[in-house]
Amino acid sequence: MNDLSFVRTEMLPERDPPPSTTGVIGWLRKNMFDGVWNTLLTIASIGLIVWVLGHILPWIWSPTWNAGSLDQCREIVGASGKASGACWGVIHERWPQMLYGFYPAELRLRPTLAFFLLFIALIPVLFNMISRRMNWFLLALVLFVATFFTASSALMIVVQIVLAAAVLYIGYTLVANSGSDRAEQIAAGARRLPNPLIFTALYVFLMPWLLWGGTIWTPVGAALGFVIGWLVFRLLAPVLGTLTAIILAFAAPVLWWLLLNGLFASAMHAILPFGLEPVESRQFGGLLLSVTIGVTAIAVSLPMGIVLALGRQSDLVIVKSLSVIFIEFIRGVPLITLLFVASVLLNIFLPPGTDFDIILRVIIMATVFASAYMAEVIRGGLAALPKGQYEAADALGLDYWKAQRLIIMPQALKISIPGIVSTFIGLFKDTTLVSIIGLLDPVGLSNSIRADTNWNGIVWELYGFIALLFFIFTFSMSRYSMYLERRLRTDHR
Amino acid sequence: ATLDDVKARGKLECGVNTGLVGFAAPDANGRWEGFDAAYCRAVAAAVLGDPDAVEFVPLTTKTRFTALAAAEVDVLSRNTTWTFSRDVDLKFEFVGVNYYDGQGFMAPKNLGVSSAKELDGATVCIQTGTTTELNLADFFRANNISYEPVPIETNAEGQTQYLAGACDVYTTDASGLAATRATFEDPSAHVILPEIISKEPLGPLVRHGDPEWGDIARWTLNALIAAEELGVTSANIEELAAGSDNPEINRLLGTEGNLGEMLGLEADWAKNAIMAGGNYGEIFAKTIGESTPIGLARGLNAQWKDGGILYVPPFR
Amino acid sequence: MTTLTDPPKESFRLSMLIYDSRYRSMTIQIVALIAVLTLIGWLISNTAQNLADLGKQPSFSFLGESAGYDINQRLIDYENQDSHLRAAFVGLLNTLLVAFMGCIAATLVGVFVGVLRLSNNWVVARLMTIYVEMFRNVPVLLWIILVMAILIETLPAPRAFRGETPEASMMLGDSVAFTNRGFYVPEPLFSRGIGDVHLFGEAALRFDVSLDLIAVVATFIAGLLISGLITRRADRIQAATGDRPRTWHWKAAVIVIPTVAVLAILGFYLGKPELQGFNFAGGTHMRNSLIALWLALSLYTAAFIAEIVRAGILAISKGQTEAAAALGLRQRRIMSLVVLPQALRVIIPPLISQYLNLTKNSSLAIAVGYMDITGTLMGITLNQTGRELETILIGMLIYLTISLTISFVMNLYNDAVKLRER
Amino acid sequence: MSAMEIEREVNRSQMQVSDKVAIEIKDMNKWYGSFHVLRDVNLTVYEGERIVIAGPSGSGKSTLIRCINRLEEHQSGQIVVDGTELSSDLKNVDKVRSEVGMVFQHFNLFPHLTILENCTLAPIWVRKIPRKEAEETAMHFLEKVKIPEQANKYPGQLSGGQQQRVAIARSLCMKPRIMLFDEPTSALDPEMIKEVLDTMIELAEEGMTMLVVTHEMGFAQQVANRVIFMDAGQIVEQNEPTEFFNNPQSERTKLFLSQIL
Amino acid sequence: MSAMEIEREVNRSQMQVSDKVAIEIKDMNKWYGSFHVLRDVNLTVYEGERIVIAGPSGSGKSTLIRCINRLEEHQSGQIVVDGTELSSDLKNVDKVRSEVGMVFQHFNLFPHLTILENCTLAPIWVRKIPRKEAEETAMHFLEKVKIPEQANKYPGQLSGGQQQRVAIARSLCMKPRIMLFDEPTSALDPEMIKEVLDTMIELAEEGMTMLVVTHEMGFAQQVANRVIFMDAGQIVEQNEPTEFFNNPQSERTKLFLSQIL
Ligand SMILES: Nc1ncnc2c1ncn2[C@@H]1O[C@H](COP(=O)(O)OP(=O)(O)OP(=O)(O)O)[C@@H](O)[C@H]1O
Ligand SMILES: Nc1ncnc2c1ncn2[C@@H]1O[C@H](COP(=O)(O)OP(=O)(O)OP(=O)(O)O)[C@@H](O)[C@H]1O
Ligand SMILES: [Mg+2]
Ligand SMILES: [Mg+2]
């Protein structure tokens, strides 16, 4: 079979593919006009797009930005000779209200700042590839920028100078040091910047203070509660054993918050008065309300979700069935019924005379709602952990709580982040339901705005604007969670 | 007691509609305006001396009664019809009537109907959660004609549906009909049918069981109405408060007698209330009267002397 | 050094409650139980106290009182003198109706979009992506309101059908009218009908079942069963001879002919809607609120289903299709024998939870005035009677029952199709 | 590469090569986008030949054999399999595919069907063979690959080696005239490789035309009657195994063999 | 089983076995549901012993050693480890676990912690040793398993062999008196097996009490001072290694050895 043998003496060069398969034409052919059926489909789709845009674009393009009422809009549109056109004046006049609701205009810097700081607080949780330095840099930068929107005073100028110095210094080190330099510095024992998670922890207390204002001592006292819990645990664990200590460590801060924190705050405030002008939750509205409800509910539901998920995973029958009943009940009823409970029943369930405002009640029910979903997300994260991790922790002698805290939860939570983000997206979208119980979120406000004689009769502009607001938020979040999911999949650490 | 709470708080919490043209709606600065809102300001001015010491609490038809019952609001000023069962069974106390209304129908002219009795088979837009749907059912049953109800949540929604022809007629309180019609591109193309199928005395209400607070709410309303009757306006009130020939005005404005003290308020309580937004007539004219786009005539809501039925007990 | 003599029998010590794994779990559970019971007891006592203060006694007797309001869209007869319970029942049926229709439409659209998103036609794939992103990222409540607004603003009012030269006209041989009050479609009627049966006498839950419809549906189902038998026979023949006989015409015949025959016997005809007075009369009227809710819920849910379907199909590795192709199977068979059976396993569980979401979201019906259980029981009834506690509790229980039923079925299915692994 | 001891003596002469052409590839070119994967490939395979294709990763080996049953499309040149030219004509493609069996690296068994159903699916639906007969054939081949007792289990319940043997049996059930193997053993644990290679050797002994992409050079030396070496999308060298391994001509081949052996 | 050549000469006499009892198991029985996994197991392990446990798959080897640090509960009989009886008393369990180190087949390192953190976690949180000291100890053991330079990497960045050595170091950081190994090499590629076995041999030389479930008979012959053969949940035979391999008594042992060697 010698005829089979063959040796190539010269290697063939790479050639270009036949022209019909490459370039724009090749691409078009392959992706749009591949066969009769595909061509028809392409034409139909393009036709649809053109038709829709042809109707919408002329309507959107309407020079009514400065109109002061619907009648003026009608005049302007009529003058421009079009049959119909949008009336953008309402957005022009009302967009601050759509964003902030009735939040006092001169204080709106506070929620804005809280919002930007939220991202900075989330950075170390969500993007662990951003360096500490970058995080502190961003924080200093945001604060620095914020100072320019406040009334200037001598104190403010000092603060500005300090922040500017911090921005410049950290910015300089950011530019000047490459990653490898950094490694050397660390090896040489250079001081590291503090972990940005410190700020995240602080933010939890900072945010309510920025939003609701009041004396600084209330959030400080709230934070103290956690310190007290920790101290109780540290001091009692060796004496009473872990389990008792944990129970007490939960009970002590609760007592503190319920009974003593108010006293503490007012006492301290009397000694050292420092605070922001209080804003009542009733003045929250528009997108601010949606974001506040969404963020608070998710943040608070996280620990509740963890407890429920652990309960559901536990082999203690009663604990497990209680968790299951709670989770399934909440997941089995529509959110709107829970909001009805918040608006008409919650006051009946609480001791006579307790009166907390509707927004807090809604936040409570939204939290309860989110925690059931969160529990399922976290359960998924727990289930994704190999059994070996539990066994290894056991074999090293870690007890249940230590194993959970040091080994299981850090991993399970990380796996759950995409799920948490999508729960948040869902909840954020669902905050629009509060309009049904009379809260003035963007949808609720749109009804109020239409009750203004100037804007009575406006429909599409308002709804379109609200839809766009939500779209921008949720779309970017869902993209981000997809990115996280991809990263977690390839992240073998 | 509610009065002490309000004073301690420094603010009056007042339940209003989440948005009803002319009666309550926030403007671009978040300030609530309208006929119902003006009453809230008057009460705040009477009690606290400051017409802006009001916290407006927007309420839906579903949440309004629970909010009042649970003391989330001190007074509900939200175009609520005074009915027996609400007063007695739901345990509220209506403090008076600030607007005499009645349920009517609006139809496009080109529908060619001149009476509600011709509406057999028509599609009717109604707002849910109010007395209107019960009145409607009763009216059609009584006349033995059929109809198709289209329940809607808000007035704005109803207006959209009606204008697009998704319902033949729109029924709600006549004031609402007029207000709605006023904002149409072509109001003259719509008629309000002559039948008024119900009595709808709208008024503010408070909880049962706190008669002192009820008195304050009631007499603030009466003060506004009496002021109009007595010719006290925000323009001349300073002058009249210095003392006048009419003893009733003097009693009202606190220059004579101790009416304020009896209520547990300052002597100039009524003066403050009237100064907050003017007397009843002024408020009416400013918010829903004929000079506003809503253009409601006084009608039944005129003073008894002018052929209306506004008739307040004397201040003495 | 311990040697293994008899271990000292430990007597019970208090510390064992915490340190002994046998007792510890019991301790924790009892503590948890006591905590929860205390909480519940506290809530109940508060409630009792508050209700007493308000002078209300929890009672369900209001359900028997006359409701007084009308409901426009209903599956069973109802008039405003019927009881609140009956109104709630009408609402419940309306909830189930829109949920059922929504699930079907959402599945159809979702599968369609999901498959087209995988199309190699770039424009189509992009268009579907836009659809999915648009619907997923805007709150469903807003969609419901928007769809309602679109229906109302773009479709003609019934009066546009009137006059010498009407602006709008009916479709499909004057039998269907799309108006902004809803869709009027022909209604099946029987001239030689055999009447209705009344179930539950005069109770609030009474309803009528048309024997004619039962007869037709029964015949149709019988036809389906027979066609199933034909498929079985085809399977048998294929198993025996290898050739699969063509059966679709037989199947079509056994399904269609008896049904048509029954229809003819019963004197079936379509009651077309006609313009009369203010409205169309005759025919079946699907209110615009129903249509808007249905469309918005289906389109919104379909965006999620599309993603599920896409993920399900992508989850079947390319290797499976290639292996089947390499065996010589045709595209259609690859789909039906290899890809779909596997993809369905991946798709069904999340699909069912979307059905659950859709059902729960149908409670937003009040935004457009569709009278579902939220609109009747937890809406007007609540407002008219002031019975917040009772109505909301009943409402929640009803939703809970629906949800649990759906997830129970889902679990059965999941267990049935679980892939067997080592 | 872990060296495999193949114990069995294979009687090479016993495996006959006819002079009938089974596959003819002429000036075939293929691009992925603008990347030229296969360049002017010319190859004639005779019936009963056992060809091993070797070459560095990315050289286009898989692509070549996937072109033969048109899992990939080629853009120029001709491929004729058993007298049928592969073109966009679906009938020809079907015909070729039912004559050519293929075994994949990752088995690609259908996890929702039992082993037996995996094996009978194609015969029943493509060849239109009565189920009973198809099952008998399937059992026959399952016996041949030595796992008849697993017939009613599901693929997930078998080990990798067993799964790959099922995959071979599944292909065989279509009674193909040509078998293509794409690295059939590279996803397996060492112990299981032997099981699968044994099965393949047995097939070879029976005179099946086989194209095998593999890194198992022991198998090549023992079973192949021709080894093809590919690099950068082209056939660089082909020869009878002893010659190929002992006396490689091209520089690239030498380099490759020095690394792999 | 791929045979491993272990090159190093181990000085057996160097490894001393005291007569203090480290583990005593008496009439221990265990069921999974109604399946009787371990039947009347009796075993006494002296300090410094190196025991290899062998047996067919499913014979209960893993279950046995998992019972020793109570990853599984036994239902009857007694297990006394280092003087502490394993019962439902959690304190005892904690005590035993901190005396007994365990190395798993799949390493089970904590992927979210660096190597160093993996090693210091338990000393810091269980033994309450100051971080600095714990880190020094950890580095000491990491040097011993020859990967000190990896201390700041994450487990995912290491090869299997390195990971298993980290797992061993992690256990050693708790300064256990007894080490349990459950098939520590069976998830590794052949090249890496040696690294890990070397480490284990070194440990053995230092006189650590070890119970090793393994199929590496080379290791058993070289290091063990006793081989236990299990089948169907019971100890079938135990002997000193040379005797065990050259002169097995039971039929089952013979059968097993014939397959595995
Ligand atoms: N679907 C595809 N699209 C684009 N490029 C591809 C595709 N499939 C393969 N390639 C590229 O074509 C080249 C040849 O791939 P092929 O799989 O045929 O290599 P191979 O010789 O089988 O390699 P290996 O030994 O790794 O399996 C590689 O460079 C590969 O990256
Ligand atoms: N959690 C469990 N529940 C029920 N049965 C189990 C469980 N774990 C193990 N078994 C069964 O117990 C028996 C002994 O298992 P074990 O893992 O101890 O065997 P082994 O000797 O270690 O086998 P291998 O060599 O495969 O690791 C096996 O039959 C196994 O199927
Ligand atoms: Mg390949
Ligand atoms: Mg094992």
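**Close-up views of a predicted multi-chain model**

**View 1. The interface of chain C and chain A.** In this predicted model, 51 residues of chain C are in contact (heavy atoms within 4.5 Å) with 57 residues of chain A. Between them the two chains bury about 4900 Å², 75% of it on carbon and sulfur atoms; buried area is the accessible area (1.4 Å probe) that two parts lose on being put together, summed over both. C:Gln29, C:Asn137 and C:Met396 supply 12% of the area that chain C buries against chain A, more than any other three residues. Of the 7 pairs of chains that touch, chains A and C have the most contacts.

Local features in the model need pLDDT of at least 70, side-chain atom pairs count only at pLDDT 80 or more, and totals for chains, interfaces and linings use all residues; side-chain values use heavy atoms, with hydrogens and water left out. Residues are numbered from 1 along each chain as its sequence is written, while chains are lettered from A and ligands numbered from 1 in the order in which they are written.

View 2. The side chains of C:Glu133 and A:Arg479 form a salt bridge, with N to O at 2.7 Å.

**View 3. The side of chain C that touches chain A.** Elements that each supply at least two residues to this side include helix 2 (21–54), helix 4 (122–136) and helix 12 (388–417) of chain C; helices (H or I, at least four residues) and strands (E, at least two) are DSSP runs, numbered from the N terminus. Helix 2 of chain C gives the most, with 15 residues. By class, this side of chain C has 32 nonpolar, 12 polar and 7 charged residues. Ala, Val, Leu, Ile, Met, Phe, Trp, Tyr, Cys and Pro count as nonpolar, Asp, Glu, Lys and Arg as charged, and the others, Gly among them, as polar.

**View 4. The shell around ligand 1 in chain D.** Residues around ligand 1 (a heavy atom within 4 Å of it) include D:Phe35, D:Lys61 and D:Glu183. A polar side-chain atom of D:Tyr32 lies 3.3 Å from a nitrogen atom of ligand 1, and one of D:Ser57 lies 2.6 Å from an oxygen atom of the ligand. Taken alone, ligand 1 exposes 640 Å², of which the protein buries 59%; accessible areas come from the Shrake-Rupley method with a 1.4 Å probe, and for residues only the protein chains shown count as cover. Helix 1 of chain D provides the largest share of the shell, 3 residues.

**View 5. The shell around ligand 2 in chain E.** An oxygen atom of ligand 2 is 2.5 Å from an N or O atom in the side chain of E:Ser62, and a polar side-chain atom of E:Glu183 lies 3.1 Å from an oxygen atom of ligand 2. The protein covers 59% of the 640 Å² of accessible area that ligand 2 has on its own. Strand 2 (35–46) and helix 1 (61–68) of chain E each give two or more residues to the shell.

Key
A salt bridge is a side-chain nitrogen of Lys or Arg within 4 Å of a carboxyl oxygen of Asp or Glu. A polar contact is a pair of N or O atoms within 3.5 Å; within protein, one must be able to donate a hydrogen and the other to accept it, and residues adjacent in sequence count only if both atoms are side-chain atoms.
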